Amino acid sequence: MPSIESFPPARNNRGFTLLELLLAFVVFALSFATVLEILSGSMRNTVRAREYTEAALTAQSVMDQVGLEIPLQAGFSAAGEAGDYQWEIELFDYVDTGENPHSVELAELTGIELLEVELSVSWGEQSRAQTRRFSTVKAVLANRDRGRR
């Protein structure tokens, strides 16, 4: 049986070494920096999504005014503001682009005039200005003035 004196003396472990603490701090700092980058990216995406949503809602609001406050006539253009968003609208005679070749023929047969509505919504500072374009086609009775006489 070995004697107690043959075992090495027990080491008194009272804590971590300086190297272990530095390594733990570096791992924590890198993890924290990664989490902050993910959070800031999420915040940027949230702000961008909010801006696009508000621009689309502004466009919808302006498009809803076509035929009510905005006259349905070719050549009409207007501009305005809605909060932080600026908009410009123009109405043109619809020109067939070949996507639906029968739309113009059908409109002529039924006495309907097709108008193309182009709307652009802009927002942001000059250095980071954003613009989105929206378009639709509106139908108007071509002989609406003749029927009122």
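Residues are numbered from 1 along each chain as its sequence is written. In this predicted model local features need pLDDT of at least 70, side-chain atom pairs count only at pLDDT 80 or more, and totals for chains, interfaces and linings use all residues, while side-chain values use heavy atoms, with hydrogens and water left out.

Q: Why is Thr 58 called buried?
A: Buried means under 20% relative accessible area, exposed over 50% and partly exposed in between, with a 1.4 Å probe and protein chains only; Thr 58 has 11% relative accessibility, and therefore counts as buried.

Q: What makes the approach of the Thr 58 side chain to the backbone oxygen of Glu 54 a polar contact?
A: A polar contact is a pair of N or O atoms within 3.5 Å, where within protein one must be able to donate a hydrogen and the other to accept it, and residues adjacent in sequence count only if both atoms are side-chain atoms. The side chain of Thr 58 reaches the backbone oxygen of Glu 54 at 2.8 Å, which lies within that cut-off.

Q: Which residues does Thr 58 touch, not counting residues up to four places away in sequence?
A: With contact taken as heavy atoms within 4.5 Å, Thr 58, a residue of helix H1, touches Ala 82, Tyr 85, Trp 87 and Val 121.

Q: What makes the largest nonpolar core a core, and which elements give two or more residues to it?
A: A nonpolar core is a set of buried Ala, Val, Leu, Ile, Met, Phe, Trp, Tyr and Cys residues joined through side-chain atoms within 4.5 Å. The largest such set has 16 residues, and Ile 89, Leu 91, Leu 119 and Val 121 have the most contacts inside it. Helix H1 (18-65), strand E2 (85-93) and strand E3 (112-123) each give two or more residues, and E3 gives the most, with 5. Helices (H or I, at least four residues) and strands (E, at least two) are DSSP runs, numbered from the N terminus.

Q: How do you know that E3 and E4 pair?
A: Two strands pair if DSSP finds at least two bridges between them, and E3 and E4 are joined in the antiparallel sense over 12 bridges, with Val 121 opposite Arg 132 in E4. By the same criterion E1 and E2 pair, since 6 bridges join them.

Q: Why are E1 and E4 called edge strands?
A: The 4 strands form an open antiparallel sheet in the order E1-E2-E3-E4, in which strand E1 (77-82) and strand E4 (130-141) each pair on one side only.
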